[in-house]
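Please keep the sequence and the structure in view while reading.

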Amino acid sequence: MAHIEFARGVVEEVIPDVRLTRARDGSDGTATFYFDHPKALSEETGVEVTGMYLVDEEGELVTREVNGKFVNGEPAGIEATYVMKSVEAWDRFMRFMQRYAEKNGLGFTKS
């Protein structure tokens, strides 16, 4: 059930590249998502991007830090940043990512 939306009710089909950073003491962290040519920017979809919504059976995580990337005036990608300001927020995000990874066959590589 875990999926990502940029407009409510419109599931994004493109699987993002996700990069995670976390403070050494675990107090906060950041997830940066990059979607290459996402469905949300296609002319056929015609949706207005209102944020990034990470939806699963526990509920919804939301960020408004969403930026379009354009090359020669054409949409090329979306970069979104989700900030976690507590250990609880980090744990909740990781539960979402575990579900999303299982659904989409993603793996984790530690740097």
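The sections below treat the overall architecture, the salt bridges and a surface patch.

## Basis of the model

The model is predicted: local features need pLDDT of at least 70, side-chain atom pairs count only at pLDDT 80 or more, and totals for chains, interfaces and linings use all residues. Residues are numbered from 1 along each chain as its sequence is written, and side-chain values use heavy atoms, with hydrogens and water left out.

## Overall architecture

The protein contains one helix and eight strands, arranged from the N terminus as β-β-β-β-β-β-β-β-α. Helices (H or I, at least four residues) and strands (E, at least two) are DSSP runs, numbered from the N terminus.

The C-alpha atoms occupy a box of roughly 45 × 30 × 25 Å along the principal axes. Of the contacts between residues at least 6 apart in sequence, 63% join residues at least 24 apart, a contact being heavy atoms within 4.5 Å.

## Burial and surface

Buried residues account for 34% of the 111 residues. Buried means under 20% relative accessible area, exposed over 50%, and partly exposed in between (1.4 Å probe, protein chains only).

The protein exposes about 6800 Å², of which carbon and sulfur atoms supply 47%. Accessible areas come from the Shrake-Rupley method with a 1.4 Å probe; for residues, only the protein chains shown count as cover.

A salt bridge is a side-chain nitrogen of Lys or Arg within 4 Å of a carboxyl oxygen of Asp or Glu. By this rule the count is nine.

One of them joins the side chains of glutamate 13 and lysine 39, at 3.4 Å from N to O. Glutamate 13 lies in the loop between strand S2 (10–11) and strand S3 (17–22), and lysine 39 in the loop between strand S4 (29–36) and strand S5 (52–56), so the pair ties together parts that are 26 residues apart in sequence. Glutamate 13 is exposed, at 58% relative accessible area, whereas lysine 39 is partly exposed, at 27%.

Asp56, Glu57, Glu58, Arg92, Arg95 and Arg99 are linked in a network of salt bridges. Within this group, aspartate 56 pairs with arginine 99, their closest N and O atoms being 2.8 Å apart. Aspartate 56 belongs to strand S5 and arginine 99 to helix H1 (residues 87–104), so this pair ties together parts 43 residues apart in sequence. Aspartate 56 is buried, with a relative accessible area of 3%; arginine 99 is partly exposed, with 23%.

Glutamate 58 and arginine 92 also meet through their side chains in a salt bridge (3.5 Å, N to O). This pair links distant parts of the chain, 34 residues apart: glutamate 58 is in the loop between S5 and strand S6 (59–63), and arginine 92 is in helix H1. Glutamate 58 counts as partly exposed at 38% relative accessibility, while arginine 92 counts as buried at 11%.

## A nonpolar surface patch

Leu20, Met94 and Phe108 make a nonpolar surface patch of about 290 Å². Patches are made of residues with over 30% relative accessible area and no salt bridge; like charges are joined within 9 Å, and nonpolar side chains (Val, Leu, Ile, Met, Phe, Trp, Tyr) within 5 Å. Phenylalanine 108 is located in the segment after H1 and counts as exposed at 65% relative accessibility.
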